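Please consider the following notes alongside the sequence and the model.

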Amino acid sequence: MSGICEPIIASPNGKGSAVPSIRDVPAAAIALLAKNPGATLLDTVIHQKQAIADTSGQSATVWELPGRPASESASEYEKLFTEMLKQLP
């Protein structure tokens, strides 16, 4: 397989698992994307939070859910969308 969709092959992480540590995935993904001259890497990070996972089960968005984690996620997405829109011509 060639191109930007090449899979990342995970090697054992020393704990008997073929799945890399979740902490290693972002760095590996960034390194892979950085090799693609057509990829634009953005600065905004969307942190993995339960509030985001809850959105599908509650048929709601992070903007509609109560609580600080949902509010923080909403802010992260707003920052991401703003950064994306700045990339448009």
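1. Terms of exposure. A residue is called buried when its relative accessible area is under 20%, exposed when it is over 50%, and partly exposed in between (1.4 Å probe, protein chains only). The model is predicted: local features need pLDDT of at least 70, side-chain atom pairs count only at pLDDT 80 or more, and totals for chains, interfaces and linings use all residues. Residues are numbered from 1 along each chain as its sequence is written, and side-chain values use heavy atoms, with hydrogens and water left out.

2. Overall fold. The protein contains three helices and zero strands, in the order α-α-α along the sequence. Helices (H or I, at least four residues) and strands (E, at least two) are DSSP runs, numbered from the N terminus. Of the 89 residues, 15% count as buried. The accessible surface (Shrake-Rupley method, 1.4 Å probe; for residues, only the protein chains shown count as cover) comes to about 7,100 Å², and carbon and sulfur atoms supply 60% of that area.

3. Contacts. With contact taken as heavy atoms within 4.5 Å, residues 24 or more positions apart account for 35% of the contacts with a separation of 6 or more.

4. Helix H3. This helix covers residues 68-86. Its 19 residues should span 27 Å at 1.5 Å a residue, and the end C-alpha atoms are 27 Å apart, which agrees; the expected span is 1.5 Å times one less than the number of residues. The buried residues of H3 are Ala70, Ser73, Ala74, Glu76, Leu80 and Glu83, and their cover includes H2.

5. Salt bridges. How many salt bridges does a search of the whole structure find? The search finds two, where a salt bridge is a side-chain nitrogen of Lys or Arg within 4 Å of a carboxyl oxygen of Asp or Glu. Glu72 pairs with Lys49 at 2.5 Å, N to O. That pair links distant parts of the chain, 23 residues apart: Glu72 is in H3, and Lys49 is in the loop between H1 (24-34) and H2. Glu72 also pairs with Arg68 at 3.1 Å, N to O; these two residues both lie in H3, four residues apart, about one turn of the helix. Shared partners join Lys49, Arg68 and Glu72 into one network.

6. Arg68 is exposed, at 63% relative accessible area. Glu72 is partly exposed at 30%, and Lys49 is partly exposed at 21%.

7. Ser59. This residue lies in the loop between H2 (50-57) and H3. Ser59 counts as exposed, at 69% relative accessibility.
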